Amino acid sequence: MSKPIVAIVGRPNVGKSTLFNRIVGSRIAIVEDMPGVTRDRLYQDAEWQGREFTLVDTGGLDFAEDVITEQIRKQAELAIREADAIIFLVDAREGLTIIDEEVAKQLRLADKPVLLVANKVEQFDASKIPFYDFYQLGLGDPVPVSASEGLNTGDLLDELVKLLPEQEDDPYSPDTIRIAVIGRPNVGKSSLVNAILGEERVIVSNIPGTTRDAIDSPFERNGKSYVIVDTAGMRRRNRIDLAAERYSVVRALRAVDRCDVALMILDATEGVAEQDKKIVGYAHEKGKAIVLVVNKWDLVVKDDKTMNRFERKIREEITFLNYIPIIYVSALTKQRLPKILDMVDFVAEEASRRVATADLNNLIREATQATPPPADKHRRLKIFYVTQGGVKPPTFILFVNDPELMHFSYQRYLENKLRDTYGFEGTPIRIFLRKRE
Ligand code: GDP
Ligand code: GDP
């Protein structure tokens, strides 16, 4: 299920960043910290009363005085396009400004829920707050808050979650393979998706995804069902700037949340960028199967070692992901395009593989005999029993005498044994430890 995206929009200095920090930092639990991806805190997952959402801070983008109006118009336009709900923040101390009125006009015309919030209210004496002015914006009663003091932000969140779109059930049958196509602008995502959809039987185009704006493209091949999730996030890519980039990363993360297989697209002429690592790292942490697709292979001058060199370079860049298969394609010449879906099928099966308990226990017994588990002072880790707890990703539960005795390197060793024996290509593996006396 996908989390709705909430944007905070408003003039500079009304308190957008302060409110963002207030919401994600203190008053509500940060559900997950998207390691690496969110260290810049420009978007953050949050939860209020059981509803999860991703908050995007559109503040902090510096611009010169003379272009403020234009920039805010653009900020609002992006929010209208990309977010599922908008917090429109105004400054109760300064009162209504012309820019506020312009933004309000824009927001009124849009088909997105808007919550009007008046910030910098430290005293809740109605006569001192220019509520009437704000009421004229035609966006309902403003919710008064003080972001810096944390006053009334609970009411704000109560109102906000009422505006979030209903979380719909996943409309696809359980055996449908959900594919997320991710990668930076211009690597060829749209070209590849169009090429794939052009070849296969598209069932119904434009099925709405689980949030308002996600457009999914379902299709069939050899009697199997697939859906490429959030193809809408892919279409708009002209004039990518800082603010647009921010939303596009959030969309990519939400698409990954909903997928079974993430297709990470790279441009053969550019290689791996920092953002690629973050998103692929996110997919890994979420337990998603992953295929690396190196596109524009037609542009590379090749000899018989080019592919090997390329592969080595990528694996050096993304060291933690040596289980991910890499394929080299061209959307332009259609070279090896059918391989993409073959590979999707393959890693989806690997991610769903179940291993019989007896076989697992044999494997672990042999592994521990070959290399004994780590010991701490006088105690040695003992593995009594192992069982597969689940699939997608394959998850193994080790019953041990004391989980504290496990070392990272030994766990890695066991993971490698599992991979050597059973493959699990393209899928993360999880190992959990349970204490048993
Ligand atoms: P942004 O440009 O919209 O992101 O605004 P900031 O969050 O950077 O805040 C702008 C200024 O307003 C800062 O000096 C904040 O300390 C101040 N500020 C933010 N929220 C409040 C508030 O609730 N009350 C008061 N008095 N000041 C605030
Ligand atoms: P997106 O932003 O990731 O969706 O990328 P597009 O699909 O829009 O492609 C960006 C540009 O790269 C376009 O000009 C495409 O024609 C071009 N392109 C895409 N795939 C290939 C390819 O395999 N080879 C070459 N030479 N160009 C490609």
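Guide: Helices (H or I, at least four residues) and strands (E, at least two) are DSSP runs, numbered from the N terminus. This is a predicted model, where local features need pLDDT of at least 70 and side-chain atom pairs count only at pLDDT 80 or more, while totals for chains, interfaces and linings use all residues. Residues are numbered from 1 along each chain as its sequence is written, and chains are lettered from A and ligands numbered from 1 in the order in which they are written.

Visitor: How do S4 and S5 pair, and over how many bridges?

Guide: S4 and S5 are parallel, with 6 bridges between them. Asp 91 sits opposite Asn 119 in S5.

Visitor: And what's the strand order in that open sheet?

Guide: The order is S2-S3-S1-S4-S5-S6, 6 strands with mixed pairing. At the edges are S2 (43-48) and S6 (143-144), each pairing on one side only.

Visitor: Which way do S2 and S3 run, parallel or antiparallel?

Guide: Antiparallel, with 6 bridges joining S2 to S3 (residues 51-57). Glu 47 is opposite Glu 52 in S3.

Visitor: What about S1 and S4?

Guide: Those two run parallel, joined by 4 bridges. Val 6 has Ala 85 in S4 as its bridge partner.

Visitor: How many residues of S4 are buried?

Guide: 6 of its 7, so S4 is mostly covered, where buried means 20 or more other C-beta atoms within 10 Å of the residue's own, exposed means 12 or fewer, and partly exposed is in between, with C-beta atoms placed from the backbone. For the chain, 39% of the 437 residues are buried.

Visitor: Which strands does H3 lie across?

Guide: H3 (residues 98-109) lies across S1, S4 and S5 (114-119), at about 165 degrees to S4. Axes are lines fitted to C-alpha atoms, for helices over the stretch in contact, and angles run from 0 to 180 degrees between N-to-C directions. Contact means that the C-beta atoms of two residues, placed from the backbone, lie within 7 Å. S4, H3 and S5 also form a right-handed β-α-β unit: with the strands pointing away from the viewer, the path from the first strand over the helix to the second runs clockwise.

Visitor: New topic: which residues come nearest to ligand 2?

Guide: Gly 188, Lys 189, Ser 190, Ser 191 and Leu 332, out of 17 residues around ligand 2. A residue counts as near if its C-beta atom, placed from the backbone, lies within 6 Å. Helix H6 (residues 189-199) gives the largest share of that shell, 3 residues.

Key. Two strands pair if DSSP finds at least two bridges between them.
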